[in-house]
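Take a short walk through this structure. A few stops will do.

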Amino acid sequence: MARVAIIGGGPAGYEAALVAAQLNAEVTLIEATGAGGACVLTDCVPSKSFIAASNAVTEAKESVDLGVEVDAPRVKPKAVNARVKQLAGQQSGDIAGKLTTAGVTLVDGTATLADCEGRTHAVRVSPRDGEDYTIHADIVLLATGATPRVLPTTPVDGERVLTCRQLYDLDELPEHLIVVGSGVTGAEFASAYLSMGSRVTLISSRDRVMPHEDRDAAEAVESVFRGRGMDIRSHARANAVRRTDDGVEVELGDGTVVPGSHALITVGSVPNSEGLGLAELGVDTDDRGYIPVDKVSRTNVPGIYAAGDVTGVHALASVAAMQGRIAVWHALGEAVRPIKLRNVASNVFSDPELATVGVTQGDVDSGKVDCRVVKLPLASNPRAKMLNRSAGFVKIFAWRTSGVVAGGVIVASRAGELIQPVAIAVEHRLTVEQLARTLTIYPSLSGSVAEAARQLMEY
Ligand SMILES: Cc1cc2nc3c(=O)[nH]c(=O)nc-3n(C[C@H](O)[C@H](O)[C@H](O)COP(=O)(O)OP(=O)(O)OC[C@H]3O[C@@H](n4cnc5c(N)ncnc54)[C@H](O)[C@@H]3O)c2cc1C
Ligand SMILES: NC(=O)c1ccc[n+]([C@@H]2O[C@H](COP(=O)([O-])OP(=O)(O)OC[C@H]3O[C@@H](n4cnc5c(N)ncnc54)[C@H](O)[C@@H]3O)[C@@H](O)[C@H]2O)c1
């Protein structure tokens, strides 16, 4: 029976453990904080539960435009945070249950690589309660994730200067939150706190929020943010964040000082690769500490695999989980398809949401791909008008020669759900004609997906 040791129990680690158990391996998973890892306990699950509360506030506030009067909605931060933590704990418990039912030995503790003898790897385990011990494994998966990066000049204190993992301990809504960094994390929290009633200033180091997204999509979201009163400082880098008597101040690169009540630092993340014993065993890391892997999650050392955020490949739960599964399938000799990052769908849970899959407008404009494009504003979609949610658009890309769907970008209140038909079309190489000929509900937001596909057929 193959022995598999997995360090880290986030989506990369626990999905890999479930596959390994299904393939009858003897599996040990060592996790420092709780089953589900940071994804479940501090990152995806809490943030999306928190955002659900902010969406409820927006819907209540905007219902007046539908002729419905709702008294000014009031957020109860303690209750919101209690629910967030309860959902995260419950999800972690569910995952722990699944793992143990599948026969995985789940250890509450930390682990490091200890030694390597031929094809057998030694892993040193430090359980939370108990003495250290060593286990031996034929296959090791490193799935230790990443930690929010902080500014070198600015210690976080968990009270006024915070990372995204510390927000759920605040008993009050920040009166004026300064969000430093306008990537996905910054945009999501800036959007959520604005909806909940905080004054929000977003410090964006580039010319727009979410610089990694297509310009028109990011600008559509940014214009909603500005319309709701967010103060967005573009081309502004934060040099330092300081505590003041009653709050914080953020010093920008040009010397401007922005005062606020709280600062949230969302300037990326650093991989959890230090102290794992990688150098001692010859496992390569790059200059930022990420563990390079190939498309089946192999590191440079035979028998040692890595998956998830620690690899620096697209930092998404879905990608981490797929990398983890692929590692185990490969290691245990199953047929495996290398990971295809081109088809990864992702969603920014701002309001409106921004979902993407496949090629981008940047790819088209730079001539990297030869695609036709149709973009339909949601303002012309009947369902969007009925819902009073017509900010945004649906955009579909199709390969010019074949008419196969190459990608899509959707900005809409539930773009993360709407992108799925486009993702299916990209993955299964459906043509715009096939997408267009699928009947859609009337009225529906997905009607715009079919309509864009129909317009692409006309070329
Ligand atoms: C605020 C926020 C929101 C996000 N929202 C989304 C989203 O909506 N959708 C999405 O797809 N992605 C989202 N992401 C990204 C997603 O959280 C990550 O891509 C995902 O968690 C990566 O999974 P992982 O298994 O690599 O690592 P993690 O989930 O980070 O888990 C790794 C685990 O390993 C443990 N560990 C580390 N070292 C050791 C050790 N030596 N021994 C034992 N255990 C160890 C850590 O404690 C951790 O629990 C979000 C990220 C952030 C920061
Ligand atoms: N919905 C989701 O799927 C979701 C949500 C949150 C995070 N994530 C993942 O987590 C990863 C990390 O996201 P993130 O937003 O934390 O990091 P990021 O690296 O995507 O964005 C950080 C931003 O901060 C800026 N920045 C850096 N230093 C700065 C400074 N001193 N002042 C002002 N701005 C500064 C950077 O230029 C960058 O634009 C992403 O890769 C993302 O895929 C996913």
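Helices here are DSSP runs of H or I with at least four residues, numbered from the N terminus. By that count, M386 sits in helix α10, which spans residues 382-387. The model is a predicted one.

Is M386 buried or exposed? M386 has 11 C-beta neighbours inside 10 Å, so M386 counts as exposed. Now look from M386 to R226. The two are 160 residues apart in sequence. In space, their C-alpha atoms are 23 Å apart.

Next comes an annotated stretch. An unreviewed UniProt entry marks residues 345-452 as "domain: Pyridine nucleotide-disulphide oxidoreductase dimerisation". Over residues 345-452, the chain is 32% helix and 29% strand. The end C-alpha atoms of this stretch are 19 Å apart.

Turn to ligand 2. It is surrounded by 24 residues. The closest are G181, G183, T185, G268 and A315. Two elements give two or more residues to this shell: α5 (184-196) and β18 (346-348). Helix α5 gives the most, with four residues. By type, the shell holds 11 nonpolar, 11 polar and two charged residues.

Last, a sheet. Strands of a sheet pair through backbone hydrogen bonds, either parallel or antiparallel. Here three strands form an open sheet in the order β12-β13-β14, and the pairing is antiparallel. β12 (238-243) and β14 (257-260) are the edge strands, each pairing on one side only. From one strand to the next, the twist averages 20°. β12 and β13 (residues 248-252) are joined by five bridges. Among the residues involved, V241 has V250 of β13 as its bridge partner.

Technical notes:
Residues numbered from 1 in each chain as written. Chains lettered and ligands numbered in written order. Predicted model: local features only at pLDDT ≥ 70, side-chain atom pairs only at ≥ 80, totals over all residues. Near = placed C-beta within 6 Å. Nonpolar A, V, L, I, M, F, W, Y, C, P; charged D, E, K, R; others polar. Buried ≥ 20, exposed ≤ 12 C-beta atoms within 10 Å, placed from the backbone. UniProt positions renumbered as here; feature names shortened; annotations may be inferred. Pairing = 2+ DSSP bridges. Axes fitted to C-alpha atoms, helices over the stretch in contact; angles between N-to-C directions.
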